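Me: I would like to learn how to read a structure like this one. Please take me through it feature by feature.

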Amino acid sequence: MSIAYLNGEYLPLEDARISPLDRGFLFGDGIYEVVPSYGGKLVGFGPHIDRMREGLALVEIDLPWDHDQWRQVCEQLMIKNGNGNLGIYLHVSRGADTKRFHAYPEGVAPTVFAFAFDIAPAPVADKSKAKAYKVSTTEDLRWRRCHIKSTALLGNVMHYQQGHAAGNNETILYNSQGEVTEASACNVFMVKNGEVITPPLDHQLLPGITRLILLDVLQKYTQIPVHERTITLEELNSADEVWITSSSKEIAPVTSIDGKPVGNGDIGDVWLAAQTVFEKHRFDY
Ligand code: PDD
């Protein structure tokens with residue numbers, strides 16, 4: 001049985017209750033995070049909480065929690081749920097008003113909810129064990145504030161479903177200019193002639209924590225050239241390697257895009273080097 005946290009209390013997940021007037025439920029009016037943990041150790045806790053606090057500030061949800069308060073909830077959830085391979089989901093909505101009205105209400109306490117769910121063991125830098133991802137591509141039709149990690153995920157869900165319905169594991173998105181933004185729940189990287197390239201941060205994509213850690217370890221611990229610059233869909237389709245990154249997947253190699261092989265269709269050597277260095281340093285962040 002999974003133990004969750006709701007508004008100051010730890011309780012079985014199935015006993016957790018919120019009001020149907022909660023703005024998270026009615027409007028998707030909230031901010032969330034997913035922090036991975038392995039054997040009781042969190043990956044990227046500091047940057048995840050920084051991003052959460054920035055998101056809350058951007059949407060003007062006033063929750064004066066510092067890193068220590070969040071750390072305590074994460075640690076309690078890891079302990080109460082067995083310290084295995086756990087994703088820790090953190091969620092703050094604007095709370096439950098007494099009516100449905102679009103304007104931000106005054107004097108309403110935010111709803112704070114968190115729970116732990118099983119994730120796969122930490123990925124290993126081994127081509128024979130890595131899962132090769134197949135992806136679809138489609139035009140990015142989400143809202144234009146994708147830098148905010150909002151709980152309003154219907155646009156992402158619809159894009160994920162497009163890939164899923166086509167028998168693929170993810171959907172890579174491009175804007176109306178044919179530039180790659182990100183995937184429905186991951187950031188995107190490509191490798192061309194030994195160089196690693198990922199789109200620069202702006203409102204079109206989430207500033208992923210895995211992306212941040214990966215760029216940092218590549219720059220600090222390898223000689224691999226790294227560039228943050230625009231990638232066109234055409235370039236993506238002629239890349240030597242493509243990767244998608246997220247907290248639960250780390251660096252996932254993509255071997256097929258819209259049914260066509262990426263490079264020679266195998267997991268690449270630059271992926272191996274990147275996952276090797278990520279693995280070595282994941283708990284430094
Ligand atoms: N997804 N882009 C989008 C749209 C995402 O939803 C995510 C994460 C990422 C990668 O971010 P990070 O490296 O910080 O996990 C990029 C989470 C895991 C989810 O919604 O489940």
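**Around the ligand**

Reply: Start with the ligand: 20 residues surround it, and the closest are Tyr-32, Glu-182, Ile-209, Thr-210 and Ser-247. A residue counts as near when one of its heavy atoms lies within 4 Å of the molecule. This is a predicted model, where local features need pLDDT of at least 70, side-chain atom pairs count only at pLDDT 80 or more, and totals for chains, interfaces and linings use all residues. Residues are numbered from 1 along each chain as its sequence is written, and side-chain values use heavy atoms, with hydrogens and water left out.

Me: Which ligand atom lies 2.6 Å from a polar side-chain atom of Glu-182?

Reply: A nitrogen atom of the ligand. Thr-210 has a polar side-chain atom 2.6 Å from a ligand oxygen. Ser-247 places a side-chain N or O atom 2.7 Å from an oxygen atom of the ligand. On its own the ligand has 470 Å² of accessible area, and the protein covers 88% of that. Such areas come from the Shrake-Rupley method with a 1.4 Å probe; for residues, only the protein chains shown count as cover.

Me: How many salt bridges does the structure hold?

Reply: Side chains of opposite charge can pair when their charged atoms come close. The cut-off is a side-chain nitrogen of Lys or Arg within 4 Å of a carboxyl oxygen of Asp or Glu. The structure holds 13 of them. One joins Arg-282 and Glu-250, at 2.7 Å from N to O. Arg-282 sits in the segment after α7 (269-281) and Glu-250 in strand β14 (residues 250-257), 32 residues apart. Helices (H or I, at least four residues) and strands (E, at least two) are DSSP runs, numbered from the N terminus.

Me: Is the Arg-282 and Glu-250 pair buried or exposed?

Reply: Both residues are buried. Buried means under 20% relative accessible area, exposed over 50%, and partly exposed in between (1.4 Å probe, protein chains only). Now take Arg-23 and Asp-29, whose closest N and O atoms are 2.8 Å apart. Arg-23 is buried at 4% relative accessibility, and Asp-29 is buried at 10%.

Me: What about Lys-192 and Asp-240?

Reply: They form a salt bridge with closest N and O atoms 3.8 Å apart. Lys-192 lies in strand β10 (residues 187-192) and Asp-240 in the loop between α6 (233-237) and β13 (241-246), so the pair ties together parts 48 residues apart in sequence. Lys-192 is partly exposed at 28%, as is Asp-240 at 34%.

Methods
Polar contact = N/O pair within 3.5 Å; in protein donor to acceptor, adjacent residues only side chain to side chain.
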